[in-house]
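Hi everyone, thanks for making time for this. I'd like to walk you through some places where parts of a protein model touch. Have a look at the picture first, and then we'll go through it together.

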Amino acid sequence: MIKRLAWRVATLESARQETPTAKTLVLDVPGWPGHLPGQHVDVRLTAPDGYSTQRSYSIANASAGDRLELTVQTVDDGEVSPYLTDVLEPGDQIELRGPVGGWFVWRPHSSPPVLLIGGGSGIVPLMAMVRSRGKADTPFRLLYSLRDPGQLFYADELEKVKAGVEVAYLYTRIAPPDAGRAAGRLQTADLIAYGWPPETGPDVFVCGPTGFVESAADLLTALGHDPAKIRTERFGPTGG
Amino acid sequence: MGIISRAFHGRPREPDAKLPPGQYLVHDFPVLSAGPTPRVPLDRWEFSIDTAEGPVHRWSWEEFLALPQETPTVDLHCVTKWSKFGTGWKGVSLDVLMEDVESAAEYALAYSYGGYTTNLPLEDLLDGKAWVVHEFDGEELEPPHGGPARLLVPHLYLWKSAKWIKGIRLLNEDWPGFWETAGYHNYGDPWREQRYDGD
């Protein structure tokens, strides 16, 4: 008999501002069973009158005991994300259950090269993969599409990322002068310049808003990547 | 009831009997898929009902459109927590597609262009509970939402409503599909909040 995925109490230990509108919550979750990079959790908030609501958030950190990190982008008219980023304080408790999802995951013992393609906050589960790589031999390439430099998550850490992980920043609206690429949406030329050729048989993970994921997956298959090796996770325009 | 979240009040709301537990209402139509969107040319499209021994029935696109059509209006519930009310579809009832099928099978596996699969008890497809639909909101169904045609089983979480459907296999034993082997609930009743294994 499979046991029900239990709701656990998580306590906010600290929070890091990633951008003016996104925060990483560092949570202590006693008894956390561990997770694979790419998985998510369901968060449940309950009001004093008993009303409760749930949302899913990708896990940002590599599995590390009882510690869980979620990076939350504030959705302007959202019901849950503004609470998590603006109201929740260290010591406050929320409920969550997980880890959830057995498809959009990278298993650190797998060997093909890895191609990560993230749009906006779609970087979060991909960052968990980068962080879980550790000393593995598997070479990673990360294509990170973002509107402008002010939207960059994990800036310092990506700057210092170790050998074996190549990061390309694809700015869509405003590119810094040294970007080496004019601002614009992800194109086939980017996949050729910064990705892996299809012949190398990479495991591909694409995460971001629906339009971004649709477009990236179409470009990848047109280039000859095996659709069966392209795993996608889409954030709808709603949520929050 | 769980622990109270300090200073959380939630949105102003009326209790809504149409909203299953843990769901919230949306007015757009989010897209969720595990991989690239397959593109299926209509002249190569076909839909089959088959068993382990082979096909029982097969329809081309023209033959499928010539079948009696229904226009169900239904509420959708996605396991990722959003629900959408009053969606309008056009398609063929599974009761029509199964009309001449004689089988002792108790289970069905819906399979799709692109390789997706999902399993359900056969009875959940019958008696006006399921359709193969090709229009949404009066327009032809767009590929990201499952076009040319998708299964529609609105009384279960939306992952059971296989996009890009290619056929339905009748089985004597239950055969868990794509999400059902990746940690999600085998049946997926939103009213019992059967999201994950063990719920």
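This is a predicted model: local features need pLDDT of at least 70, side-chain atom pairs count only at pLDDT 80 or more; totals for chains, interfaces and linings use all residues.

Let's begin where the two chains meet. Across the interface of chain B and chain A, 20 residue pairs are in polar contact, counting pairs with both residues at pLDDT 80 or more.

Charged residues bring us to salt bridges. Between chain B and chain A the count is seven. Here is one of them to find on your screen: D199(B) pairs with R4(A), and their closest N and O atoms are 3.5 Å apart.

Now, how big is this interface? For chain B and chain A, about 3600 Å² is buried between them, and 53% of that is on carbon and sulfur atoms. On the chain B side, the residues that lose the most area to chain A are I3(B), R6(B) and F8(B), and together they make up 19% of what that side buries.

Okay, let's turn to chain A by itself. Chain A is divided into domain 1, residues 8-100, and domain 2, residues 114-235. The contact between these domains takes 17 residues from domain 1 of chain A and 15 from domain 2 of chain A. As for where they sit, their C-alpha centres lie 24 Å apart.

How much area do domain 1 and domain 2 of chain A bury between them? The value is about 1200 Å², with 57% of it on carbon and sulfur atoms. Three residues stand out on the domain 1 side: P37(A), S58(A) and A60(A) supply 33% of the area that domain 1 buries against domain 2, more than any other three residues.

And the polar side of the story? Between domain 1 and domain 2 of chain A there are zero salt bridges, but four residue pairs are in polar contact, both residues at pLDDT 80 or more. In chain A, the strands β1 (8-19), β2 (22-28) and β5 (67-73) each supply at least two residues of the side of domain 1 that touches domain 2. By class, that side of domain 1 of chain A has six nonpolar, eight polar and three charged residues.

That's my tour, and I'm happy to take questions!

Terms used. Residues are numbered from 1 along each chain as its sequence is written. Chains are lettered from A and ligands numbered from 1 in the order in which they are written. Side-chain values use heavy atoms; hydrogens and water are left out. Domain bounds come from an automatic or database domain assignment. Contact means heavy atoms within 4.5 Å. Buried area is the accessible area (1.4 Å probe) that two parts lose on being put together, summed over both. A salt bridge is a side-chain nitrogen of Lys or Arg within 4 Å of a carboxyl oxygen of Asp or Glu. A polar contact is a pair of N or O atoms within 3.5 Å; within protein, one must be able to donate a hydrogen and the other to accept it, and residues adjacent in sequence count only if both atoms are side-chain atoms. Helices (H or I, at least four residues) and strands (E, at least two) are DSSP runs, numbered from the N terminus. Ala, Val, Leu, Ile, Met, Phe, Trp, Tyr, Cys and Pro count as nonpolar, Asp, Glu, Lys and Arg as charged, and the others, Gly among them, as polar.
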